[in-house]
Amino acid sequence: MLNKSIVRLAIPVAAGALVLTACGGDDDGGDGGGGGTTYKIAFQGPLSGTNVALGENMENGIQLAINEANGSGDYDFTVEYVAADDQGVETQATAAAQSAIDDQDVMAVVGPAFSGPANVSAPLYAQAMLPAVSSSATDPTLTEDGKFATFLRAVPNDNAQGLAMADFLAAQDGIESVMIVDDVTPYGEGLAEVAESEMTAAGLSVERQSVPADTVDYSGAARTVTEAGVDALIYAGYYEALGPFAIRLQEAGYEGIRISGDGSNDDEFINLAGDAAEGWHLTCPCTDATENEGTAAFAETYEAEFGLAPGTYSAESYDVTNMIIEAMAELGGDVSREALYQQLAGTEYEGLTKTFAFDENGEFTNTAIFMYQVEDGVRGYLGGVDELVGG
Amino acid sequence: MSLSDIWDVLVLGVVLGSLYAVIAIGYTLVYGVLQLLNFAHSEVFMAGGFGGVIALTIFEPATDPSGLQSALYVLLGILGGALLGGLVAFGLEKGAYRPLRRRHASRLIFLITAIGASFFLYNLAGKMFGRYPMPMPTMYENKQVFEVFGTSVNVTQLLIVVAAVLMLLTVDFVVNRTKMGSGIRAVAQDPEVASLMGVDIDKVVSRTFVLGGVMGGVAGFLFGTNLQVEYTMGFLPGITAFAAAVLGGIGNVRGAMLGGLTLGVVEAFTVEWFGDAWRYAGAFAVLVLVLMFRPTGILGERVGRTA
Amino acid sequence: MTAGVTAPKVPSAAKLRKRSWYQQPRWHRLFALVVTALVLAQVTGAQGTRGDLFAALEENFSGGAVWGWLGLAVAIWLVREFAHELLGRYTSRVKEEAGRPAERPGDLTPSGGFSPAAAPVWLPALLARTVRFVTDVVRGQRLYRWGSMAALLGLLIVLPLMVSTFWQQVMVDQIGMFVLVAIGLNVVVGWAGMLDLGFIAFFAIGAYSSAFWTGGLPVEPPVELNNFLVIPIAVLTCLVAGVLLGAPTLRLRGDYLAIVTLGFHEIVYLTAKNWTEFTGGSRGAPQLDRFSVDLGFWSYEWELDPRPYYWLQLAFVVVVLLLFVRLEHSRVGRAWTAIREDEVAAAATGVDTVRFKLLAFAIGASTSGIAGVIYASKLGFINPEMFVLLLSVLALSYVVFGGMGSIPGVLIGTAVLVWLPEYLRDTVDPQDRYMYLGGLLVVMMIYRPQGLLPSRRRQRELRMAEEGSGSADALGARPGGAQA
């Protein structure tokens with residue numbers, strides 16, 4: 001009888017726990033600022049689940065932009081932040097999108113962060129005429145024929161990145177064979193496919209492997225790469241999986257050129273892989289916030305605010321949010337979802353990282369890709385791929 | 001494929017398989033005494049991984065450790081994993097399963113409780129330690145130790161296999177040769193008669209959980225050394241180890257070892273021939289095939305009968 | 001050492017029974033409560049931060065919350081230990097009062113009248129008795145029963161008009177879908193007593209056949225069909241898949257069946273993920289057709305608005321339920337009950353167990369297939385990550401949570417468990433939602449293992465199992481080793 005009665009007593013405790021947490025939930029209201037009407041900007045992205053790190057990077061960037069806008073006093077409206085967590089998975093995407101749409105004060109959405117959820121959410125946004133500006137969904141098909149009426153992509157797509165990888169490799173001496181490993185996620189497969197066709201076009205011999213992101217042992221994959229004896233390796237996937245893979249590759253003694261895309265362009269990759277991260281090239285449509293003159297100030301405030309350096313897509317999300325706020329201001333007092341979309345679609349905004357402009361399908365017009373390389377435990381910024389190849 | 005290729009793959013398979021074997025023992029022991037699919041064992045395994053990280057974070061390893069230091073760190077990690085794994089398994093039994101046993105709940109109720117506990121535990125771990133993967137602190141330089149037929153074996157691989165073999169021998173000894181083991185076997189054969197004979201069933205069950213938990217915890221630490229530690233890390237190895245236990249004949253300790261090794265090797269060859277993407281398809285295909293011809297697994301079931 | 005497998009020299013029985021002070025159950029209880037409090041302090045505490053392993057722990061233990069929890073635990077312990085008798089007397093009086101018969105409305109008056117002083121006793125008792133009285137009346141009368149059914153249906157029809165679009169989406173995308181899946185799974189687990197841990201595989205097969213036959217996959221189908229016409233095909237496909245899975249596994253008992261169904265799910269999932277030429281791989285199949293009706297003179301197309309989907313779904317659920325209620329009490333249903341309660345006895349008395357088990361698999365699978373078709377066309381996009389293993393495990397817990405074998409139970413259980421995480425989205429840190437779900441499952445199984453609304457037959461089986469005669473399902477003997 002002992003334990004039964006203990007558990008019986010645990011019930012009120014558990015009930016109390018629920019009540020307490022229910023009370024302690026909301027405490028982050030809007031914090032003063034410009035006054036007047038309040039507009040909300042939502043962020044749809046992974047705020048929980050396995051890809052939460054990327055989501056937090058972006059969330060912080062957005063929040064910083066909103067705080068600065070409210071604090072500056074330049075605007076006669078207040079901006080408020082709304083989170084719409086989709087965990088980065090498609091099943092949660094409709095609910096997340098709908099929670100943003102239902103809130104009539106939400107005028108624009110930054111996101112969806114990932115391409116898969118974007119496929120599900122974008123039609124809903126289109127129906128609600130709610131502009132959705134993604135700073136990280138890079139699947140090229142999202143903007144095909146402008147199929148999602150209010151979707152704007154504020155980042156070069158995978159085509160640009162795949163092309164940049166091919167250009168970069170083709171410009172190196174003695175590179176003849178390449179192996180492309182994808183992580184069997186929509187992002188990885190998409191990038192791998194583009195890279196494969198671009199490399200083949202560039203006259204390289206290409207092999208393709210798929211290693212799921214949740215693989216329990218990368219030794220087999222590393223073995224395949226070394227056995228194939230390729231001159232270069234491209235990994236299309238996220239840093240969580242690249243970390244252990246890089247370690248196994250190092251142990252297997254692979255010494256060719258190693259490249260990964262924006263999904264791995266995160267300091268966490270170095271943390272996970274340790275020494276094995278040395279020498280990896282990382283492409284990204286994002287500039288290094290700490291490197292460029294214009295973004296250095298941003299990096300400083302960001303670090304002061306959140307206690308860590310800006311990560312992948314932080315600066316881009318900051319830019320996109322500022323662009324939205326700017327567009328709101330240009331509309332004067334008459335901000336509606338549809339008007340805001342029209343304003344954004346025609347905008348040409350000079351951000352910290354790049355100039356934002358969209359074509360008629362909502363595709364980003366700027367296709368600059370930048371190259372990083374890990375050296376001595378830090379991600380070193382090498383510059384734009386165009387310059388590297390040209391020079 | 002050449003002979004050296006086969007050796008390469010075999011080594012990878014044995015390394016992974018010995019980890020599966022150690023985890024599978026946790027499933028099989030609990031199944032033996034309770035006929036319970038302890039789904040939450042994968043969370044015990046996860047806790048072991050965190051235990052290792054915690055222990056090694058507290059006693060920060062030096063950057064360039066000597067051989068003795070390395071051995072010490074490894075031992076520390078193993079202890080941390082074993083401790084946390086055993087603790088979680090113990091708490092699981094006390095908090096979730098014992099109240100159910102007292103009311104003679106059906107097995108499905110146990111299963112759902114295990115599922116619920118698994119959800120609770122891994123999300124709690126994610127909440128407490130963050131929901132992102134973390135590397136195991138470096139304890140040694142992972143260099144090649146020796147070569148077998150042209151296949152190099154590195155420190156991690158050797159460590160995993162040696163630790164696993166030692167644990168398997170210990171468990172086999174404990175179950176078959178000690179007083180505690182005869183208690184476990186007695187309860188597995190017939191709990192009612194065992195209790196009439198004076199076996200304190202609660203104690204036996206509790207100790208079985210702790211034994212399985214310690215194994216699972218150490219396996220979690222070793223797994224974390226080989227890959228990385230994350231709050232969701234338990235799920236897939238847990239499922240595979242569960243399959244391994246069933247393959248060998250659930251409830252049968254030696255069966256679990258055999259099943260684990262078999263699945264590890266099958267996975268390694270599947271990866272070699274069909275690619276990493278089909279890893280689990282190969283494992284489960286073998287499982288289904290074996291079960292079609294031997295419905296109770298390779299060695300048949302139950303702890304009690306084989307010993 | 002193991003306590004007394006063979007206990008040699010026992011000094012005296014009395015000495016064995018003697019315990020030190022700390023071994024008394026009272027202190028055990030205190031210890032358990034303190035541990036619970038510490039765990040709850042973590043559960044409700046801070047989120048872990050990147051780069052600092054112990055940040056959350058430090059914060060949880062330095063704040064006041066942990067002391068609050070400990071205080072609460074000790075308070076509960078004190079009440080339990082020192083006011084136990086008082087409480088016991090009170091509850092027994094309430095129980096006694098609540099136990100009085102209530103056959104006519106007049107019987108509801110408390111035994112001692114409505115005296116305010118005794119209100120703590122008769123008030124809860126009155127509540128319980130009124131509920132019992134009303135349910136008795138409703139259960140007893142055919143008219144009431146049909147009337148309440150109609151009222152419930154009416155309520156369900158107008159429900160989406162009363163909630164926000166967000167909840168409409170949740171109702172269609174999640175609650176409605178899983179209700180259909182759970183109804184199917186209930187046939188396999190609740191009625192036929194077979195443990196299926198891979199049920200979402202059929203859901204996936206339904207969704208992918210829908211995508212295939214409407215031309216949404218990379219391969220061209222022989223003919224492109226309307227979504228409504230796909231339903232029978234999807235049902236047929238799932239039926240075949242159900243039999244294919246069932247046939248080789250019929251020899252297997254409970255737990256072996258569980259792992260094989262789990263493996264089946266994994267293989268279906270891997271196929272969907274890796275056979276890119278056919279399924280579109282991990283990027284899935286976008287832009288699927290939606291439901292549409294074109295009768296020449298009248299046409300309608302289901303679009304993004306979730307409500308028409310809801311009503312369509314409701315119609316399917318009602319039709320399936322009507323069929324299944326008939327099935328439950330038919331020869332087939334009785335055969336399943338027999339197999340569930342004792343397979344050997346059933347076979348001995350002439351029940352064709354192979355046929356009926358296959359039938360259960362096939363029927364359950366096809367219901368899930370219907371859900372898959374609706375799901376694919378509602379979302380307009382499918383990919384393998386929508387059919388992960390975790391969902392199969394969750395689906396099983398929905399069924400058991402509601403009350404296996406009982407249709408109203410399964411409906412309510414699924415609705416509650418799917419609704420809960422969505423509700424918690426705004427009340428707790430959204431990342432913690434599934435932790436609370438898991439905790440709820442454990443607590444529920446400990447206190448109410450029969451589920452929210454168990455079927456009567458099932459309840460009796462469970463009780464028999466508790467008393468030690470027979471097992472509660474055909475999954476083999478109950479977990480052993482419990483001597484209270």
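**The parallel sheet of chain A and its surroundings**

Modeller: In strand 2 of chain A, A:Val82 is the residue that stands opposite A:Ala42. This is a predicted model, and the description below should be read accordingly. Strand 1 of chain A, residues 37–45, runs parallel to strand 2 of chain A, and 9 bridges join the two. Both belong to an open sheet of 5 strands in chain A, with the order 2-1-3-4-5 and parallel pairing. Strand 2 (77–85) and strand 5 (151–153) of chain A are the edge strands; each has a single partner strand, so one side of each has no neighbour in the sheet. On average, neighbouring strands of this sheet are turned by 25° against each other, direction ignored.

Which helices pack on this sheet? Helix 2 of chain A, residues 52–72, lies across strand 1, strand 2 and strand 3 (106–110) of chain A, and runs at about 170° to strand 2 of chain A. Helix 12 of chain A, residues 337–345, also packs on the sheet, where it touches strand 3, strand 4 (132–134) and strand 5 of chain A. The direction of helix 12 of chain A makes about 40° with that of strand 3 of chain A.

Chain A has 391 residues, of which 59% count as buried. Among contacts in chain A between residues at least 6 apart in sequence, 70% join residues at least 24 apart.

A:Glu189 is found in helix 6 of chain A, residues 186–201. With 24 other C-beta atoms within 10 Å, A:Glu189 is buried. Leaving aside residues up to four places away in sequence, A:Glu189 touches A:Asp182 and A:Val184, together with C:Gly281, C:Ser282 and C:Arg283. A:Ala100 is 89 residues from A:Glu189 in sequence, and the two C-alpha atoms are 29 Å apart in space.

Taken as a whole, the contact between chain C and chain A involves 41 residues of chain C and 40 residues of chain A. On the side of chain C that touches chain A, at least two residues each come from helix 2 (25–43), helix 4 (65–82), helix 8 (165–191), helix 11 (254–274), helix 18 (407–427) and helix 19 (433–447) of chain C. Helix 2 of chain C gives the largest share, 9 residues. By class, this side of chain C has 20 nonpolar, 14 polar and 7 charged residues.

Helix 8 of chain C also packs against helix 16 of chain C (residues 353–379), at an angle of about 170° and with the axes 8 Å apart. The two helices are therefore roughly antiparallel. Among the residues that meet are C:Leu180, C:Gly184 and C:Trp191 from helix 8 of chain C, and C:Phe361, C:Gly364 and C:Tyr375 from helix 16 of chain C. This helix contact has 17 nonpolar, 4 polar and 2 charged residues.

Chain C meets chain B as well, in a contact that takes 67 residues from chain B and 61 residues from chain C. On the side of chain B, helix 4 of chain B (residues 107–129) provides the largest share, 17 residues. The residues on that side of chain B comprise 45 nonpolar, 13 polar and 9 charged.

Helix 10 of chain B, residues 253–274, has 22 residues and reaches 31 Å from its first C-alpha to its last, close to the 32 Å expected at 1.5 Å a residue. Of those 22 residues, 18 are buried, so helix 10 of chain B is largely enclosed by the rest of the structure. Just after helix 10 of chain B, B:Gly275 takes a positive phi of about 95°. Strand 1 of chain B pairs with strand 2 of chain B (residues 151–154) in the antiparallel sense over 4 bridges, and B:Glu147 stands opposite B:Ser152. The hairpin of these strands has 2 residues between them, and there B:Phe149 takes a positive phi near 45°.

Key
Residues are numbered from 1 along each chain as its sequence is written. Chains are lettered from A and ligands numbered from 1 in the order in which they are written. This is a predicted model: local features need pLDDT of at least 70, side-chain atom pairs count only at pLDDT 80 or more; totals for chains, interfaces and linings use all residues. Two residues are in contact if their C-beta atoms, placed from the backbone, lie within 7 Å. Ala, Val, Leu, Ile, Met, Phe, Trp, Tyr, Cys and Pro count as nonpolar, Asp, Glu, Lys and Arg as charged, and the others, Gly among them, as polar. Two strands pair if DSSP finds at least two bridges between them. Axes are lines fitted to C-alpha atoms, for helices over the stretch in contact, and angles run from 0 to 180 degrees between N-to-C directions. The expected span of a helix is 1.5 Å times one less than its number of residues. A residue is buried if 20 or more other C-beta atoms lie within 10 Å of its own, exposed if 12 or fewer, and partly exposed in between; C-beta atoms are placed from the backbone. Angles under 35 degrees count as roughly parallel, over 145 as roughly antiparallel, 65 to 115 as roughly perpendicular and the rest as oblique.
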